[in-house]
Amino acid sequence: MNELITFKGSNDGLILVITKKANFNQIKEALNKKLASCSNFFEANTTILLKDDKFSQEEQNILADILKQYQLNLKIVESHYRFYGRYK
């Protein structure tokens, strides 16, 4: 079974990947659960990349606030940005 929220490693850093279509409330809940279950995995101030084509500015701010609760930073990259490394 695929998870709604996954983190993928690349040469560019950690990428937040939404693997299923879901409403934003489900995405927020899944992100909170994922981060709570692996809170000791990430180093403080790690930057998480997310393509900007999936969410509105308001939703991006909400996701950034959730990540900040776990001392993580969200960096929005343009939708045409190509990640290099293991993740494609």
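A salt bridge is a side-chain nitrogen of Lys or Arg within 4 Å of a carboxyl oxygen of Asp or Glu. This tour treats a predicted model, in which local features need pLDDT of at least 70 and side-chain atom pairs count only at pLDDT 80 or more, while totals for chains, interfaces and linings use all residues. Residues are numbered from 1 along each chain as its sequence is written, and side-chain values use heavy atoms, with hydrogens and water left out.

**First stop: a salt bridge within a helix**

Select Lys33 and Glu29, whose side chains meet in a salt bridge (3.1 Å, N to O). Both belong to helix α1, and because they are four residues apart there, about one helical turn separates them. Helices (H or I, at least four residues) and strands (E, at least two) are DSSP runs, numbered from the N terminus. Lys33 counts as exposed, at 55% relative accessibility, and Glu29 is partly exposed, at 45%. Here, buried means under 20% relative accessible area, exposed over 50%, and partly exposed in between (1.4 Å probe, protein chains only).

How many salt bridges does a search of the whole structure find? The search finds two. Select Lys34 and Glu3 next: their side chains meet in a salt bridge at 2.5 Å, N to O. Lys34 lies in helix α1 and Glu3 in the segment before β1, so this pair ties together parts that are 31 residues apart in sequence. Lys34 is buried, with a relative accessible area of 19%, whereas Glu3 is partly exposed, at 44%.

Now display the strands. Four of them form an open sheet in the order β1-β2-β3-β4, with mixed pairing. The edge strands, β1 (5-10) and β4 (72-77), each pair on one side only. Neighbouring strands of this sheet are turned by 35 degrees against each other on average, direction ignored. Two strands pair if DSSP finds at least two bridges between them. In general, strands of a sheet pair through backbone hydrogen bonds, either parallel or antiparallel.

Select residues 46-51, which make up strand β3; this strand pairs with β4 in the parallel sense over six bridges. Within this region, Thr47 stands opposite Asn73 in β4.

Then select helix α1 (residues 24-37), which lies across β1, β2 (13-18) and β4 and runs at about 60 degrees to β1. Contact means heavy atoms within 4.5 Å; axes are lines fitted to C-alpha atoms, for helices over the stretch in contact, and angles run from 0 to 180 degrees between N-to-C directions.

A search of the whole structure finds three aromatic pairs. Select Phe24 and Phe55: their ring centres are 5.8 Å apart and their planes stand at 65 degrees, so the pair is edge-to-face. Rings of Phe, Tyr and Trp (its six-membered ring) pair if their centres lie within 6.5 Å; planes under 30 degrees apart count as stacked, over 60 as edge-to-face and the rest as tilted. Phe24 is in helix α1 and Phe55 in the loop between β3 and α2, 31 residues apart, and the pair thus links distant parts of the chain. Are these two residues buried or exposed? Phe24 is buried, at 15% relative accessible area, and Phe55 counts as buried at 10%.

Finally, select Phe41 and Phe42, an edge-to-face pair with 5.2 Å centre to centre and 85 degrees between the planes. Phe41 counts as exposed at 65% relative accessibility, whereas Phe42 is buried at 12%.
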